[in-house]
Amino acid sequence: MVIALILVTTVMSFSALSSGDKKSYDEFEVVYVRPGDTLWSIAEEFYGSDMDMREAVYMIKECSEIESSSLTIGQKLLVPVLD
């Protein structure tokens with residue numbers, strides 16, 4: 001019985017971790033990658049110096065569901081609109 005309880009607790013912990021700590025955003029700006037664009041440059045364009053660019057890049061990657069920082073021309077990105 002104790003082993004079953006430990007197993008269930010462990011599985012639930014991993015489920016919570018795998019779902020991540022994704023934030024919900026109400027609005028997104030759709031951006032299509034142009035020649036020369038980088039995640040950093042897009043983040044700077046939208047957020048300027050109002051936030052840490054590493055955090056901004058992470059948000060764009062998370063919302064756009066991409067893992068790589070490599071972009072292709074014409075790629076669709078979702079940039080969260082912050083309050």
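**Group meeting: the fold and its nonpolar core**

Good morning. Of the contacts in this protein between residues at least 6 apart in sequence, 58% join residues at least 24 apart. Please note that what we are viewing is a predicted model.

Let me begin with the overall layout. The protein contains three helices and two strands, and from the N terminus the order of these elements is α-β-α-α-β. Of its 83 residues, 28% are buried.

I turn now to the interior. In soluble globular proteins, nonpolar side chains tend to be buried together. In this model, the largest nonpolar core consists of 17 residues, and Ala43, Tyr47, Ile60 and Leu77 have the most contacts inside it. At least two residues of this core come from each of α2 (39-47), α3 (53-64) and β2 (76-80). The element that gives the most is α3, with six residues.

Which residues does Ala43 contact, leaving aside its neighbours within four places in sequence? They are Gly48, Met53, Ala56, Val57 and Ile60. Ile60, in turn, is again one of the residues with the most contacts inside the core.

Finally, I would draw your attention to Gln75, which lies in the loop between α3 and β2. Is Gln75 buried or exposed? Its relative accessibility is 17%, and because buried means under 20%, Gln75 counts as buried. Not counting residues up to four places away in sequence, Gln75 touches Val31, Tyr32, Val33, Ile66 and Ser70.

Thank you for your attention.

Note on methods
Residues are numbered from 1 along each chain as its sequence is written. This is a predicted model: local features need pLDDT of at least 70, side-chain atom pairs count only at pLDDT 80 or more; totals for chains, interfaces and linings use all residues. Side-chain values use heavy atoms; hydrogens and water are left out. A nonpolar core is a set of buried Ala, Val, Leu, Ile, Met, Phe, Trp, Tyr and Cys residues joined through side-chain atoms within 4.5 Å. Buried means under 20% relative accessible area, exposed over 50%, partly exposed in between (1.4 Å probe, protein chains only). Helices (H or I, at least four residues) and strands (E, at least two) are DSSP runs, numbered from the N terminus. Contact means heavy atoms within 4.5 Å.
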